[in-house]
Amino acid sequence: MKRVIVANRGAVARRVIRALRSLGIESVAVYSEADRDLPYLKEADLAVPIGPAPAAQSYLDQAALLRAASQAGADALHPGYGFLSENADFAEAVERAGLVFVGPSPRWIRMLGHKTQARDAMAALGMPMTPSSAVLGADPDALRQAADRMGYPVLIKPATGGGGIGMIPLDGPEGLEAAWERARLVAERSFGGSDLYLEKLLCNPRHVEFQFLADRHGNVRCLYERDCSIQRRHQKVLEEAPAPGLDRAMLQAMARRLEGMLSAMGYDVIGTVEMLYTAESGFSFLEVNTRLQVEHAVTEAVTGVDLVAAQLRLAAGEPMREVLPETPPLEGHAVEARIYAEDPVRFLPSPGVLREFVLPALPGVRVETGYAPGCRVSSHYDPLLAKIIAHGSNREQALDLLRTALRQARIDGLKTNIPFVLRVLDDPEFRARRVSTGLAERILEGARAAA
């Protein structure tokens, strides 16, 4: 690779540009009209406009991105995360255009991006599963029978997409058909596909995911796990590595087991296997994310591995023995907070101009953002403002450092979720490592009751 176009925006675009610079590879940034003033455009070797503000006319416009790549003379494309990063058709189009797609091979994106197909493939390799249905149509009798077979509560899930979009929990059969239609409409609008299925809903599990790198020669390396249990409406807010309060021997055994499965498949480049965990049932498969994760920085902090640089090298065909000869030891603990431009009470997006935007500069704290003071945060895109990552010798030190960093942040011109994140960091259950996917909502309920 000599010149890579970054088909994304914001913090991830800036992160990829930084990794390309470290490898001596030229970078090409793309931008919509809404993003023309973002600071990382000047950090890239070249910046190319791709269209108007709406994502469908810019960052999701495959033809525009490929034209930009050709215009810039790029020989590879990094999709970042979100947008087209898990679109198999786009990955294939990139390869047909003669570029390297910096991600897993399109066949893995296609197979594992469809959740029921992914479940079938991983179950065949011995992956533990929660009960679920195949893709179902809208026949009321078939829906009720499938839900009754697995037992309530159940979760309606789109077979494609992510981010919790279109997922609807049900405690009983009342409203099943109406909820199914709502989910179908959301899935069609958000992901361009209306396939839905039912999955047994676990009550307050932990969300634990395992990070993998893989070369194109069958070698797979697991870089430990992350706990992503602190979520609102299935959207991650806080992530940490390693997973607190879980037996390390159990985690290592699952990591080795997953390594064997992905190696047997022939999986390549980068990916994350997401799991649910309860003390009663152990691990169960959730999905595979065939891309770089938003929360990759906590893994980088505790391993010292530049995951983006490794992803680039593996996509270029380098063998694992050269990219990562052995699994590095865990070093300390890291925790990341996602800072969103949103109302901390109603949690609605809060677009606006960053009149003041001062993020902490502290030892042990890393900040990832695509914005600078004076930038406009557009309503056209995800409201993620920044990620703040704290790394300490242990969990308590990392949490205290993150809390200090958040309290030092000065952001004016829009609202953020920082007050909510601080509530979580101060919560006794969270501090005591008793985390689950329901904890954030319980913390909010307690805050509302006290108000």
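Contact here means heavy atoms within 4.5 Å; helices (H or I, at least four residues) and strands (E, at least two) are DSSP runs, numbered from the N terminus. This is a predicted model, where local features need pLDDT of at least 70 and side-chain atom pairs count only at pLDDT 80 or more, while totals for chains, interfaces and linings use all residues. Residues are numbered from 1 along each chain as its sequence is written, and side-chain values use heavy atoms, with hydrogens and water left out.

Start with helix α9, residues 296–303: this helix lies across β9, β10, β11, β14, β17 and β19, at about 155° to β14 (axes are lines fitted to C-alpha atoms, for helices over the stretch in contact, with angles from 0 to 180 degrees between N-to-C directions).

Now select the open sheet of 8 strands, ordered β13-β12-β9-β10-β11-β14-β19-β17 with antiparallel pairing (strands pair if DSSP finds at least two bridges between them). β13 (282–289) and β17 (365–369) each have a single partner strand, so one side of each lacks a neighbour in the sheet. Zoom in on V365, whose bridge partner in β19 is A390.

Next, salt bridges (a side-chain nitrogen of Lys or Arg within 4 Å of a carboxyl oxygen of Asp or Glu). Pick R291 and E86, which meet in one at 2.9 Å, N to O. R291 sits in the loop between β13 and α9 and E86 in the loop between β4 and α3, so the pair ties together parts 205 residues apart in sequence. Buried means under 20% relative accessible area, exposed over 50%, partly exposed in between (1.4 Å probe, protein chains only). R291 counts as buried at 15%, and E86 as partly exposed at 31%.
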